[in-house]
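The following exercises concern the structure shown below.

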Amino acid sequence: MSADPNAATQSRPSPEPHRGPHPARYFVPVLVAAAVAVGLGVYGRLHQPTGTAFDLAGFSSTRAVKSWLASTAFFFALVQLVSALMVYGRLPGPRWAPALHRWSGRIAFLVAVPVAVHCLYALGYQTYETRVLWHSILGCFFFGVFSAKMLLLRSERLPGWLLPLVGGLVFAVLTLVWLTSAFWFFRTFGVTT
């Protein structure tokens with residue numbers, strides 16, 4: 001007598017349906033985001049500000065350089081927003097919308113880094129007025145949330161709402177950082193180079 005190979009056996013339990021990744025998997029990006037934000041804030045607070053970190057020829061001041069670089073980063077963040085809406089089918093767009101989204105994000109980040117380095121190294125984490133306090137908090141928070149987004153991009157089987165939510169948060173925080181810095185500078189001192 002031979003055994004039926006297709007018959008169910010009592011020794012092996014039937015596999016449970018796939019439920020997706022464990023929620024604890026998302027704690028790593030959250031912890032990294034918190035560590036980056038707090039680390040930048042602590043460094044900015046404890047570091048003795050130097051007053052200046054860089055200057056570019058053709059600009060009247062370091063503040064003007066930072067304001068134009070921050071505005072450039074904000075412009076590419078706007079491109080990110082529009083291209084994300086194309087990628088997710090909320091706006092019609094070309095086939096190359098995903099590439100536009102990736103590259104505009106890379107450029108925005110690369111342009112924002114010198115601004116952040118200057119802010120932390122030359123000015124530190126400052127709290128002498130409400131606008132400056134919010135700018136310091138939001139600047140640190142931006143790089144924390146950005147770090148979390150980069151980690152989540154590499155995760156598999158994310159809920160469909162998570163990346164747009166985190167990406168939207170990155171955009172919103174960068175907008176607030178820009179409003180409390182470059183926009184304020186241009187309104188206060190005029191659009192100068």
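**Exercise 1.** Determine what percentage of the residues of the protein count as buried, and which pattern the protein follows along its sequence.

Solution. This is a predicted model in which local features need pLDDT of at least 70 and side-chain atom pairs count only at pLDDT 80 or more, while totals for chains, interfaces and linings use all residues. Residues are numbered from 1 along each chain as its sequence is written, and side-chain values use heavy atoms, with hydrogens and water left out.

Step 1. Buried means under 20% relative accessible area, exposed over 50%, and partly exposed in between (1.4 Å probe, protein chains only). By this criterion, 35% of the 193 residues of the protein are buried.

Step 2. The accessible surface of the protein (Shrake-Rupley method, 1.4 Å probe; for residues, only the protein chains shown count as cover) is about 12600 Å², of which carbon and sulfur atoms supply 68%.

Step 3. Helices (H or I, at least four residues) and strands (E, at least two) are DSSP runs, numbered from the N terminus. The protein has five helices and zero strands, and its pattern is α-α-α-α-α.

Step 4. Take contact to mean heavy atoms within 4.5 Å. Among contacts between residues at least 6 apart in sequence, 73% join residues at least 24 apart.

**Exercise 2.** Describe the span of H5 and state where H5 bends.

Solution. 

Step 1. H5 has 28 residues and reaches 40 Å from its first C-alpha to its last. The expected span is 1.5 Å times one less than the number of residues; for H5 the expected value is 40 Å, and the span is close to it.

Step 2. A bend of about 40 degrees occurs in H5 at Leu179, taken as the angle between axes fitted to the seven residues ending there and the seven starting there.

Step 3. Gly190 follows H5 and has a positive phi, near 90 degrees. Arg157, in the loop between helix H4 (130-153) and helix H5 (162-189), also has a positive phi, near 55 degrees, although Arg157 is not a glycine. Most residues other than glycine have a negative phi.

**Exercise 3.** Classify the aromatic pair of Trp178 and Phe183 and that of Phe185 and Phe186.

Solution. 

Step 1. Rings of Phe, Tyr and Trp (its six-membered ring) pair if their centres lie within 6.5 Å; planes under 30 degrees apart count as stacked, over 60 as edge-to-face and the rest as tilted. The structure holds twelve aromatic pairs.

Step 2. Trp178 is buried at 15% relative accessibility, whereas Phe183, at 33%, is partly exposed.

Step 3. For Phe185 and Phe186, the values are 5.7 Å and 65 degrees, so the pair is edge-to-face. Phe185 is buried at 6% relative accessibility, and Phe186 is buried at 13%.

Step 4. Phe185 and Phe186 belong to one aromatic cluster with Trp68, Trp184 and Phe189. The charged end of Arg131 sits over the ring of Trp184, 3.6 Å from its centre (NZ of Lys or CZ of Arg within 6 Å of the ring centre and within 35 degrees of the ring normal).

**Exercise 4.** Which residues does Ser147 contact, leaving aside its neighbours within four places in sequence?

Solution. 

Step 1. Ser147 lies in helix H4 and is buried, with 19% relative accessibility.

Step 2. With those neighbours left aside, Ser147 is in contact with Val32 and Val36.
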